[in-house]
Amino acid sequence: MKMMDKISFYTALFSAKSVNKMLHLAKSAGTSLPGVVALKISKNFLSFLSQYCRKKVITVTGTNGKTTTSGLLAHILKTADNHVLHNEKGANMLSGIASSLAVGYKPFSDFDYAVLESDEAYLTKLYDFLNPDYLVVTNLFRDQLDRYGELDTTAKKIQEAVAKKKALKLLVNADDPMLLEIGVNNKRIYFGFDEITYKTSLQDSQAPAESVYCPCGADLSYEKRYYAHIGRYYCKNCGKSRPAPDYKAYAVIYDDFSEIYLKYFKNGQEIENCFKINIAGLYNAYNALAAISLALELCIEPSVIQKGLDTYKSVFGRAEKFVLNGKNVLVQLIKNPTGASEVLRTVNNRSNSELLIIINDNYADGRDVSWLWDADFELLKDYPGNIVVSGIRAYDMAVRLKYAGFEQSKIKVIKDIKEAVEYSVSQVNPDERLLIMPTYTALLEMQKFLKKNK
């Protein structure tokens, strides 16, 4: 790094840290302002910072699961005694990434890994400033159509980024046909499930199936469909099929945890390991499988990986469990039809719960809330508890529940989010749990007042 570049970088770094300190004193944490300041002073701030990385720069993208996958991977790497920089709060646009790294970086030192979650649409901009070693792609689902358009548009955005980096290695979900054509000129490593067994009351996923076709234009067929368009697929027309996973797994899904039985090759020998993850749902099993697979690629020992899985604490709102006013609470972010439907499957398994659904339609949520009609809220038709709805679009959610067949007399509308949380917590009995399903900006609003009360 040239002297003027170094001066620019450290001026940006210390300015960002100062802004973060002031925001912390003003109790305004969670903003990307430090990153905005850093990038204003040094537009190549991220490029300069990456030069201090001793080992690998890892990026993670996809519609669902970015925050959990990157969080699990970062925690596993830290458990293996590495110094890791990570945008752990999920701020995944350029200013958010810069802010997280500026706050987390210790001046005049090196670090081992950077694990960076990136919004799909911003990945190509991020790659203007970084030369990452790996890209993990979790999945592609219909998400915020008013911002990003259809699935193939999002796939093209990721491909544009990948095309900039010929040496980039991709860790790809083999079970998602939308990823079949991404990074075909790069080295691709695949993870996926050959079989899934449910030890819960619900066996079949009700997630809406996306209209996904083979690159040749023909309809895809499935040996097994796990949820939405995810599964073991093939094309009768051209013969293309789901790639054989390098990290091939069998999952057993329970109400509150999952077991992953994994097979892979190392030094020419097939290895088998079993991992337990303490977060619910098949979608989180996929997130964990992605993190485990890359950790193994980086030669982290299975025992260390399991220790990391055991000690991982969920990011706020991503299957996070905590106690509030003596009551058990579980928060599950929802933002699109497929993700919501899979969360609803875990909700419906719980008979001793109260439910709060919070729907906003701010820019970061997506203005178009028609996705509520695509999500399978019919799963709640026979839900035994009461449901409180809140947020800007509370009444839209109440109407959706009515048409899903849920009893109207058991729906309570409280538009103010803080009031809705306080009321819902007060209704929970000692042997029950409050389940909260918020959209993104509702989650951020909750985070502000829950920090004081947890």
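Is glutamate 181 buried, partly exposed or exposed, and what is its relative accessibility? In this predicted model, glutamate 181 counts as partly exposed, at 39% relative accessibility.

**View 1. Lysine 240 and glutamate 181 form a salt bridge.** The closest N and O atoms of the two residues are 3.1 Å apart. The pair links distant parts of the chain, since lysine 240 lies in the loop between β8 (230-234) and β9 (247-253), while glutamate 181 lies in the loop between β5 (169-173) and β6 (187-198), 59 residues apart. Lysine 240 is partly exposed, with a relative accessible area of 35%, and glutamate 181 is also partly exposed, at 39%.

**View 2. The side chains of arginine 433 and aspartate 256 meet in a salt bridge.** The N to O distance is 3.8 Å, and the pair links distant parts of the chain, with arginine 433 in strand β17 (residues 433-438) and aspartate 256 in the loop between β9 and β10 (258-266), 177 residues apart. Arginine 433 counts as buried at 18% relative accessibility, whereas aspartate 256, at 30%, counts as partly exposed.

**View 3. Arginine 393 and aspartate 361 are joined by a salt bridge between their side chains.** Here the N to O distance is 2.7 Å. Arginine 393 sits in the loop between β15 (387-390) and α12 (394-403), and aspartate 361 in the loop between β14 (353-358) and β15, so that this pair, 32 residues apart, also links distant parts of the chain. Aspartate 361 is buried, with a relative accessible area of 13%.

**View 4. Asp175, Asp194 and Arg242 belong to one network.** These residues are joined by salt bridges that share partners, in a structure that holds 15 salt bridges.

Technical notes:
Residues are numbered from 1 along each chain as its sequence is written. This is a predicted model: local features need pLDDT of at least 70, side-chain atom pairs count only at pLDDT 80 or more; totals for chains, interfaces and linings use all residues. Side-chain values use heavy atoms; hydrogens and water are left out. A salt bridge is a side-chain nitrogen of Lys or Arg within 4 Å of a carboxyl oxygen of Asp or Glu. Helices (H or I, at least four residues) and strands (E, at least two) are DSSP runs, numbered from the N terminus. Buried means under 20% relative accessible area, exposed over 50%, partly exposed in between (1.4 Å probe, protein chains only).
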